[in-house]
Amino acid sequence: MANPNQDTPKVLLVDDDKDLLQLIAMRLTAAGYAVTAVESGAAALASLAVTRPLVVVTDLRMAGMDGMALFDAIHREAPSLPVVILTAHGTIPEAVTATRRGVFSFLTKPFEPKVLLDNVAEAIRLSSPPTGEMAGWRAELITRSSLMEDLLAQARRVAASDASVCIFGQSGTGKELLARAIHRASPRAERPFVAVNCGAIPEGLLESELFGHKKGSFTGAVADRRGLFQAAHGGTLFLDEVGDMPLSLQVKLLRALEERKIRQVGSHESYDIDVRVVSATHRKLEERIVSGEFREDLYYRLNVVKLYIPALAERREDIPLLANHFLSRLAERYRRGQLAFSPEAMQILVSAPWPGNVRQLLNVVEQAVALATTEVIPESLVRQAIDVADTALTPLDEARRAFERDYLVRILKITGGNVTKAARLAGRNRTEFYRLLERHSLEPGMFKGKDKDKERAAA
């Protein structure tokens with residue numbers, strides 16, 4: 001299930017000149033674009049946090065954050081989002097500097113409306129998501145997150161090349177799904193996609209698994225066997241958890257990638273391979289290089305293009321979308337008809353920390369579906385499934401109130417219910433302190449003698 005693509009391309013327009021902002025917005029709207037017009041760089045960044053346009057058009061000279069500062073801020077978060085800069089004071093050196101830094105185009109006012117429209121159209125052509133059948137390449141990656149949309153835009157661009165890709169991210173974020181999406185968007189889409197988990201296969205068998213073996217080359221090799229490199233010929237080989245690959249095998253993998261040839265275990269004959277390698281890991285490979293557990297030369301061979309999948313906690317807006325998708329799919333599998341989460345249950349899902357990411361969310365939804373006795377899944381089942389008593393995020397006001405109550409209880413125990421001493425320790429006068437006690441329904445008499453009890457116990 002994928003998000004439906006919007007029919008109208010979105011443009012974010014930024015200019016602190018209200019008249020010019022309105023004029024350019026009218027021209028872009030007339031050309032068929034959905035325009036969000038804002039008057040400052042700060043407002044532009046706030047808009048980008050809510051929804052991603054396909055192109056940003058901004059004035060250069062603005063009060064506060066100028067156009068280049070806005071460009072820098074945008075590209076820290078969304079390096080593939082095209083930015084068109086407009087200026088009435090442009091110089092050739094400024095234009096050269098801007099384009100070298102990655103600005104899509106630099107237009108000097110006054111400019112012909114057609115020039116701006118042509119630039120916007122070209123930027124949108126390069127950055128717009130595919131529609132129709134081509135959208136199927138990302139069908140398994142369900143999202144409305146700006147972070148994920150930026151990632152998918154980069155993935156689609158790199159898919160057209162044959163560059164090696166390394167996908168980084170926590171366990172359960174969907175690294176294999178992204179690798180499959182890259183394969184489907186690539187010229188190799190009709191050829192095999194072969195996946196192997198490098199951390200799940202014993203060292204002695206992994207070499208045979210990757211490169212194949214000849215009959216009799218080791219105990220149990222009762223017949224010749226093709227390896228996964230040969231099985232993926234013409235397509236994509238996905239090396240999951242490549243950071244766990246043994247050092248001895250890293251040398252052989254590097255040689256295969258550099259020579260584009262492999263040699264089966266027990267054979268002296270080499271075979272040509274035509275394989276695009278996509279790798280993934282939840283580990284920090286730079287740290288493993290320093291510790292001597294991963295080869296630096298292999299790192300650079302695999303990590304030509306680096307993609308990072310955000311954790312589920314970084315894309316909470318996707319949680320209701322994913323949870324309802326899983327619920328619909330699992331209800332069908334369990335033959336449960338129409339199921340829904342109660343509002344309280346969904347709030348628990350949205351606020352949980354999700355150390356296991358999307359995989360953990362799927363498991364929680366499946367447990368809730370399996371145990372539910374009604375069409376509406378209650379909060380209690382979700383709490384049970386994720387043990388939320390220890391892990392849920394508490395609203396700030398509630399957390400502050402709980403801390404304040406615990407603090408008052410602690411200080412009253414220390415002073416044995418003596419309000420004067422307690423107020424002095426808390427840095428409040430007696431009147432303020434009594435108000436605090438009243439707010440939490442605490443009576444000083446409840447704590448009388450507590451300090452003496454402690455003294456006697458200590459003695």
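Guide: Start with helix 15 (residues 357-371) and helix 16 (residues 379-386), which pack at an angle of about 130 degrees, with their axes 9 Å apart. Keep in mind that this is a predicted model.

Visitor: Which residues make the contact?

Guide: Helix 15 brings Val364, Gln367, Ala368 and Leu371. Helix 16 brings Leu381, Gln384, Ala385 and Ile386.

Visitor: How do the residues of this contact divide into nonpolar, polar and charged?

Guide: Six are nonpolar, two are polar and none is charged.

Visitor: Now the charged pairs. What makes Glu140 and Arg184 a salt bridge?

Guide: The cut-off is 4 Å between a side-chain nitrogen of Lys or Arg and a carboxyl oxygen of Asp or Glu. For Glu140 and Arg184 the N to O distance is 3.1 Å. That is within 4 Å, so the pair counts. Glu140 lies in the loop between helix 5 and helix 6, and Arg184 in helix 7, so the pair ties together parts that are 44 residues apart in sequence.

Visitor: Why is Glu140 called partly exposed?

Guide: Buried means under 20% relative accessible area, and exposed means over 50%. Glu140 has 40%, so it counts as partly exposed. Arg184, with 29%, is partly exposed too.

Visitor: How do you know that Arg225 and Glu209 form a salt bridge?

Guide: Their side chains meet at 3.6 Å, N to O. The limit is 4 Å, so they qualify. Arg225 sits in strand 9 and Glu209 in helix 8, 16 residues apart.

Visitor: What links Arg439 and Glu404?

Guide: A salt bridge at 2.9 Å, N to O. Arg439 is in helix 20 and Glu404 in helix 18, so the pair ties together parts 35 residues apart in sequence. Glu404 has a relative accessible area of 22%, which makes it partly exposed.

Visitor: How many salt bridges does the structure hold?

Guide: It holds 24. Asp162, Arg188, Arg260 and Asp274 are linked in a network of them.

Methods
Residues numbered from 1 in each chain as written. Predicted model: local features only at pLDDT ≥ 70, side-chain atom pairs only at ≥ 80, totals over all residues. Heavy atoms only, no water. Axes fitted to C-alpha atoms, helices over the stretch in contact; angles between N-to-C directions. Helix = DSSP H or I, 4+ residues; strand = E, 2+ residues; numbered from the N terminus. Contact = heavy atoms within 4.5 Å. Nonpolar A, V, L, I, M, F, W, Y, C, P; charged D, E, K, R; others polar. Buried < 20%, exposed > 50% of the residue type's maximum accessible area, 1.4 Å probe, protein only.
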